[in-house]
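Let's walk through this fold together, beginning with the sheet and ending in the core.

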Amino acid sequence: MISTTTLRRAGALAVLSIVVVLAGCASSANREAMTPTSIASSKKLPYSLSVKTGGGNETNPLWSSDISNEDLAAAIEKTVTQSALFKEVVKGKSGDYELSVSIVKLTKPTFGAAFTVDMEAGWSLIKTSDKSVAMRQVIKSTYTGGAFDSLVGTTRLRMSVEGAARNNIKQGLEAIAALNL
């Protein structure tokens, strides 16, 4: 005969197992998912661009999704290349312009059905030859992932982080496209 205490423990273990499976481990924001498919400009600048990023963090699998500096730089570089906003993307400081993007704030919820993530990044575009500032602007973006985007909460949060970064990159590059360089 099974005691009531044993049944309660088995029930609690089953509930805990379901929570662990649904929670999953956090994964970092994917650079492909952070890349906007297009920007609202057909401008083609005849200059080369180098990109550097800061303020990002590596994802702690036991906590929540985050954006690494390398993945943010790769997403920006890919967007610039796909849009042909600049003639080319170069490594180091050998470009005509240097773009610095630093994540200042990344606000994420800890739990919920729909996740809204807010991102704030400082964008700075410097002309390399004379170190003049072509643009210095704080770009704020947000993205809300739906409750049905994924059953797994950590995946929904990662998708919301990627959406906020994607919107930030799109807004930043559209601001650059509006400049007269």
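Here is a short tour of the sheet, its helices and the core. This is a predicted model, in which local features need pLDDT of at least 70 and side-chain atom pairs count only at pLDDT 80 or more, while totals for chains, interfaces and linings use all residues. Residues are numbered from 1 along each chain as its sequence is written, and side-chain values use heavy atoms, with hydrogens and water left out.

Start with the open sheet: five strands in the order 2-1-3-4-5, with mixed pairing. Strands (E, at least two residues) and helices (H or I, at least four) are DSSP runs numbered from the N terminus, and two strands pair if DSSP finds at least two bridges between them. Strand 2 (86-90) and strand 5 (132-145) each have a single partner strand, so one side of each lacks a neighbour in the sheet. Further in, strand 3 (residues 97-107) and strand 4 (residues 115-127) are antiparallel, joined over 10 bridges. Val 101 has Trp 123 in strand 4 as its bridge partner.

Now for the core, a set of buried (under 20% relative accessible area, 1.4 Å probe, protein chains only) Ala, Val, Leu, Ile, Met, Phe, Trp, Tyr and Cys residues joined through side-chain atoms within 4.5 Å. The largest nonpolar core has 37 residues, and Trp 123 and Ile 176 are among those with the most contacts inside it. Helix 3 gives the largest share of this core, nine residues. Beyond its neighbours within four places in sequence, Ile 176 is in contact (heavy atoms within 4.5 Å) with residues including Phe 86, Leu 99 and Trp 123.

Conventions
Buried means under 20% relative accessible area, exposed over 50%, partly exposed in between (1.4 Å probe, protein chains only).
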